[in-house]
Amino acid sequence: MNFMTALEIIVSSSLLVAAPLIFTALGGVFSERAGVVNIGLEGLMIIGAFTSIVFNLTFAKTFGPATPWLGLLVAMIVGGIFALIHGLASITFRADQTVSGVAINFLALGLAVFLVKKWYGKGQTDMIVQNFRKIDIPGLSHIPIIGDLFFKNVTYASYLAIIISFVVWYVIYKTPFGLRLRSVGEHPMAADTMGINVIRMRYVAVFLSGVFGGVGGAVYAQTITLDFSHATITGQGFMALAAMIFGKWHPLGAMGAALFFGFAQSLSIVGDQIPFLKDIPSVYLLIAPYVLTILALAGFVGRAEAPKADGIPYIKGQR
Amino acid sequence: MRVEYVIEMLNIRKEFPGIVANDNITLQLKKGEIHALLGENGAGKSTLMNVLFGLYQPEKGEIRVNGKPVKITNPNIANELGIGMVHQHFMLVEKFTVTENIILGKEPKTAGAINIKKAEKEVREISEKYNLSVDPHAKISDISVGMQQRVEILKTLYRGADIIIFDEPTAVLTPQEITELIQIMKALIREGKSIILITHKLKEIMEVCDRVTVIRKGKGIDTLNVKDTNPNELANLMVGREVVFKTEKSEARPKENILEINNLVVNDARGVQAVKGLDLDVRAGEIVGIAGVDGNGQTELIEAITGLRKSESGSIKLNGKEIINQKPRKITESGVGHIPEDRHKHGLVLDFPIGENMVLQTYYQKPFSKGGILNFKEIYKKAKQLIGEFDVRTPSEFTLARSLSGGNQQKAIIGREIDRDPDFLIAAQPTRGLDVGAIEFIHKRLIDQRDKGKAVLLISFELEEILNVSDRIAVIYEGKIVSIVDPRTTSEQELGLLMAGANPEKEGETNNV
Amino acid sequence: MSNKYINILIPIIAVLLGLIAGAIIMLISGYNPIAGYAALWNGAFGQTFYIGETLRQATPYIFAGLAVAFAFRTGLFNIGVEGQLLVGWIASVWVGLAFDLPKIIHLPLAILAAMIAGALWGFVPGFLKARLRVHEVIVTIMMNYIALHVTNYLVRNVLSKQKDSTAHIHNSASLHSDFLQKITDFSTLHNGLYLAIIAAIIMWFLLEKTTKGFELRSVGFNQHASHYAGMNVNRNIVQSMVISGVFAGLAGAMEGLGTFGYAFLQPDFSGIGFDGIAVALLGGNTSIGVVIAALLFGALRVGSLNMPIEANVPNELVEIVIALIIFFVASSYIIKWAIGRFKREAK
């Protein structure tokens, strides 16, 4: 196998693995930029995966190839609504936000598997037929070298993720909504005195985190596992969380970090196909993203700062 | 002659759980006047203005703007009515630029995105019109306190405020910046604005305001024309009784040096030099007061003496022994007591019972513990003793420190520090936020210590406190002691100039600060 | 209303609310809630065997709960119990396999190994937090996954020859108890239960009665005032995470030396660590609370296995109930507020 082929496999695999991480990490960015810690990204991915698979299994005959995309849409809505539970607990009930996130993960897994068992009579769904397939992107895949590397054997979802990252960046840094969102996460009282509804802004942000997390889970399930069980989402949500932090709570940083983690993960998956990597025990590749995140946090300290009011419930009238 | 009121707050009642912050208060603002709202800390001034600004809703009462009754349910409505507020603790997002802070909530848009160029242009125009110089591109975290305040003012003008509320605006300014602010306020009046000035500083009221409304413990006491009154009368109304401005004390009889600081250099949190070669001595039996505007190195100086911050070079000697860069515990054991500036941050563990707070520095010593095991009987015995001796009002020694009032928390801290019988006692902003009764108590205790032959270092932003209590006053400016003066012969004017770095003897004219 | 009274009431209310919500979910889904909860009860307490299993399940929960509670009390959030217990598990099994010593040495040695492994795994986030102010939540989550992959690697490549599980540890390192098994109709209950109770007592004593506990609590509440008072904040943060890791490692030893007696490849976390968070919360972060909450959770987990058998209800319902209980406990502010309203209206 020559170098180019190896590279093609790695790039294609990285993009595949990174896509769900990118979406979910973007969700985390919305929530935390508004000041609500969201450890529950794992649970949001679970809900998205579950929703999309169930929708897909039920409506694949009706919608054909459009099914997975509609599955994304449904996952967005359900994910957003589910995230509101975290919002309710954290914002209105002033629960500890980390604890609420942990509870969301419990709840999502429990609810999803409960419903699977109830509706399908077993713990694991059938496999979907209409999934996101690996394709060659028309036009772009014909570009010499770059085309082979980046646009063959990829899914649309991966590039959608990258494009959406830029959209999110624009929204957060260039629009009034984004300015207000960030103000609520940095200095909610100042935002309040400027007439911004802090509570509503935080709910919207948490809702968005559910939307994006749901998409992340739906992309993952409809691309990689093609079914749903309690073992579908195992840690991807936490890896997305790490990507968000690694990316310093910045949408493009999170995207870059997610791509990097996708790269590391894919090395461990496709490693035994590539002669150079075959000899490295897979365990090193498996733990690489996690070790790197810890190193990054240790190295970037002081400069990688969470939004100032992250994790602190906003109480009117408190001085 | 009909009086034209732009704002009327009539019979306002505002409650919080367990307390009536505003009890039937009436405030009327005439067009084009500067109206003072005077009261002690905790009297209810800020609450009343927050009601006007829409942050709180009153339980009872009516607000009228230009004669029309209105309901101000949130700051947006206040803004639309032309009411703007310059907060005491600035409401600025550190990471944002000046422009972003000013336009937040009312951003000029083009096709959905913020039109930052238009925003900067508008900011420049307003700042030039009112002579409030700011740098539109600068981040809040990088600009001076004075400029930050101007940004706060611009926020209100950007929204077209005609009525501007200033909440304790001079607390963080140098005397010269205060003069500038007064000019700004007068300019605003000339442009047709009306101003409410919340303050507890009598001199400012006498100088700048037309009328003053006094409130005390949530109730409105009286509204007077400034021309017809004087500081003493205002002070009495504010406090409710005859206020003694001077603390009774006998002559100091200082003896040997207890604390000797030589050429001390200390860096601040950002690595910039904050104390730049400072010399200071404090003798047994005297109180040395350090006067200076916040940010001239006082905090770093105290932290260096108490071992909370590393000193770069120089020497700090206590009773002749070098204590520079020793660990806090060792310094405490050597005989240093410290009443910290921020009692909630450094002085107490609020979620511990007040009794356990009393042994925060001594829990590891006998009799409070032995062999690593705590002796709670002894701990609470000591706590009870201190609570009684220092008049700490608390339901019991087991009550959480959080539940005590600020004054009682401070008394507890003072009791703890004094009980350890330190040779050298530092008191940093010891009476900040306290009522007059607590202030008198604390001042008496400091003088007591001095009479017992201890060395006391007092740091305070309240010039009156420094003048009353100190035997010698050391003025700190840009990390050095620039002058040592006698409180009996100096004046607030002279101190103000020294604190701002000027040399009063060289100045041709003196500003009436 | 006294604080202590409220602190006991809130977990009880939270559990009741959780159970009620679970009943509602069962109803909506077409199941019989009474049959469901009856199956749950029977599955936990219906036979001595089940009681034994419940107690056995509660054993690592006590350790996990103590680990999280200890960290909470000292101002830290230890989500890394999953990883810490995995390394403790592996370490104890390793010692159990590697040596042949009389029980009086071998068993304590294996337990010590688990404690050291857990301590090390707790040291890393503690050190990073103390020295570099890195938030322990993320570091511990990362360490969880590192532990998962590393321990799996060790099981496959070091402790066994490319197999999915290791051999059984020698009897001299086992927590197995003939006595306990006999009186519980041959459940897997083992001597670890005694250790768990002892550990709970030690934690209480350490935190409430010693100068070290005073320091740890002080640092947990207010680092600034503690520093001011002369305490070494960084050292205390590290010590806190290390001690928490020790408890977590011991939870792993319970599984490695007691419940199973060997180690095996794990596709995912055991869940004991995350349950430990719920146990600590429900127990109000106190020793006695943790023990009671651990028993409750043991009953829930063991009992839930009976629900599909006896009442045809998927056992995931218990997962949902647990999640809701956590929400309710965490939202205690709103419960306190509701109690306050209720009292005022009653007047």
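## What counts as touching

Two residues are in contact here if their C-beta atoms, placed from the backbone, lie within 7 Å. Keep that in mind, and remember that you're looking at a predicted model.

## Where chain A meets chain C

With that rule, 36 residues of chain A are in contact with 34 residues of chain C. Which elements of chain A give two or more residues to this side? They are helix H4 (97-120), helix H10 (236-246) and helix H13 (282-300). H4(A) hands over the largest share, 14 residues.

What is this side of chain A made of? It splits into 26 nonpolar residues, six polar ones and four charged ones.

## Where chain A meets chain B

Now turn to the other partner: 16 residues of chain A are in contact with 20 residues of chain B. On the chain A side, helix H7 (176-186) and helix H8 (188-193) are the elements that give two or more residues. The largest share comes from H7(A), with five residues.

As for the kinds of residue, the side of chain A that touches chain B has seven nonpolar, six polar and three charged.

## Chain A on its own

Along its principal axes, the C-alpha trace of chain A spans about 65 × 50 × 40 Å.

Inside, buried residues make up 58% of the 319 in chain A. Looking at contacts in chain A with a separation of 6 or more, 78% are between residues 24 or more positions apart.

Technical notes:
Residues numbered from 1 in each chain as written. Chains lettered and ligands numbered in written order. Predicted model: local features only at pLDDT ≥ 70, side-chain atom pairs only at ≥ 80, totals over all residues. Helix = DSSP H or I, 4+ residues; strand = E, 2+ residues; numbered from the N terminus. Nonpolar A, V, L, I, M, F, W, Y, C, P; charged D, E, K, R; others polar. Buried ≥ 20, exposed ≤ 12 C-beta atoms within 10 Å, placed from the backbone.
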